[in-house]
Amino acid sequence: MQYWLLKSEPETWSWSNQVKEGPSMWDGVRNYQARNNLMKMKRKDLCFFYHSVSEKKIIGIVEVVKEFYPDPTDASGKFVVVDVKAKNKLKKPVSLGEIKSTKKLSKISLVKQSRLSVMPILKSEWLEILKISNS
């Protein structure tokens, strides 16, 4: 199993949208590195759901339920989607500020590549974020 972080502007697609919709495609990615990360995802991989821009915090966890396929919203045919479903909301959201102030998360992609919308998360980082959420 691998771990990931997916970013979405809550005004565009929020955690509550994801929960209400059920299994749905994660579309609209138009960055090649993010696309490549989507292509590496496997069924049952877990992803943090991050509200970007206005909130900057991890809200919940989604599970990959369908591996990559062509993004139907992309006329160029260069980009892909995966299907995800809401798994659970974090006990307490974890803010970007908390992540930046945690030494064990100093090398996390969220800090190092802040504009990337789909990124891998190491298991140790995953566990540390869960620990913060449960504190």
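**View 1. Isoleucine 108 and its contacts.** Leaving aside its neighbours within four places in sequence, isoleucine 108 is in contact with Ile99, Ile121, Glu125 and Ile129. The model shown here and in the other views is a predicted one. Look for isoleucine 108 in the loop between helix 3 and helix 4 (109-112). Its relative accessible area is 0%, so isoleucine 108 is buried. Methionine 119 is eleven residues from isoleucine 108 in sequence, and their C-alpha atoms are 9.3 Å apart in space.

**View 2. Isoleucine 132 in helix 5.** Here we move to helix 5, where isoleucine 132 has its place. With a relative accessibility of 11%, isoleucine 132 counts as buried. Its contacts, leaving aside neighbours within four places in sequence, are Lys92, Val94, Glu98, Thr102 and Leu105.

**View 3. An edge-to-face pair of aromatic rings.** How many aromatic pairs does a search of the whole structure find? There are five aromatic pairs, and this view shows the one made by tryptophan 15 and phenylalanine 49. The ring centres of tryptophan 15 and phenylalanine 49 are 5.6 Å apart and their planes stand at 75°, so the pair is edge-to-face. Distant parts of the chain are linked by this pair, with tryptophan 15 in helix 1 (residues 15-21) and phenylalanine 49 in strand 3 (residues 46-51), 34 residues apart. Both tryptophan 15 and phenylalanine 49 are buried.

View 4. Are the rings of phenylalanine 48 and tryptophan 126 stacked or edge-to-face? Their centres lie 3.8 Å apart and their planes are at 20°, so this pair is stacked. Phenylalanine 48 belongs to strand 3 and tryptophan 126 to helix 5 (residues 123-134), so the pair ties together parts 78 residues apart in sequence. Phenylalanine 48 is buried, and tryptophan 126 is buried too. Bring Tyr3 into the picture as well: ring pairs link Tyr3, Phe48 and Trp126 into a cluster.

**View 5. A lysine over a tyrosine ring.** The charged end of lysine 66 sits over the ring of tyrosine 69, at 4.2 Å from the ring centre.

**View 6. The buried face of helix 2.** Which residues of helix 2 (residues 32-40) are buried? They are Ala34, Arg35, Asn37 and Leu38. Seen down the axis of helix 2, the buried residues fall within an arc of 160°, so they line one face of the helix. These buried residues pack against strand 1 (3-8), strand 4 (57-70), strand 5 (80-95) and strand 6 (118-121). Take a look at the start of helix 2 too, where a side-chain oxygen of asparagine 31 comes within 2.8 Å of the backbone nitrogen of glutamine 33.

**View 7. Asparagine 37, a buried residue of helix 2.** Asparagine 37 is part of helix 2, and its relative accessibility of 5% makes it count as buried. Not counting residues up to four places away in sequence, asparagine 37 touches Trp4, Leu116, Val118, Met119 and Pro120.

**View 8. Methionine 41 and the largest nonpolar core.** In soluble globular proteins, nonpolar side chains tend to be buried together. In this model the largest nonpolar core has 37 residues, and those with the most contacts inside it are Met41 and Ile58. The elements giving two or more residues to this core are strand 1, helix 2, strand 3, strand 4, strand 5, helix 3 (96-100), strand 6 and helix 5. Apart from neighbours within four places in sequence, methionine 41 is in contact with Trp4, Leu6, Cys47, Val64, Glu67, Val82 and Val118.

**View 9. Two loop residues with positive phi.** Most residues other than glycine have a negative phi, so the backbone here deserves a look. Lysine 44 has a positive phi, near 80°, and is placed in the loop between helix 2 and strand 3. At 47% relative accessibility, lysine 44 counts as partly exposed. Valine 53 also has a positive phi, of about 55°, although it is not a glycine. Valine 53 is found in the loop between strand 3 and strand 4, and with a relative accessibility of 54% valine 53 counts as exposed.

Terms used. Residues are numbered from 1 along each chain as its sequence is written. This is a predicted model: local features need pLDDT of at least 70, side-chain atom pairs count only at pLDDT 80 or more; totals for chains, interfaces and linings use all residues. Side-chain values use heavy atoms; hydrogens and water are left out. Rings of Phe, Tyr and Trp (its six-membered ring) pair if their centres lie within 6.5 Å; planes under 30 degrees apart count as stacked, over 60 as edge-to-face and the rest as tilted. Helices (H or I, at least four residues) and strands (E, at least two) are DSSP runs, numbered from the N terminus. Buried means under 20% relative accessible area, exposed over 50%, partly exposed in between (1.4 Å probe, protein chains only). A charge sits over a ring if NZ of Lys or CZ of Arg is within 6 Å of the ring centre and within 35 degrees of the ring normal. The arc is that of the directions from the helix axis to the C-beta atoms. Contact means heavy atoms within 4.5 Å. A polar contact is a pair of N or O atoms within 3.5 Å; within protein, one must be able to donate a hydrogen and the other to accept it, and residues adjacent in sequence count only if both atoms are side-chain atoms. A nonpolar core is a set of buried Ala, Val, Leu, Ile, Met, Phe, Trp, Tyr and Cys residues joined through side-chain atoms within 4.5 Å.
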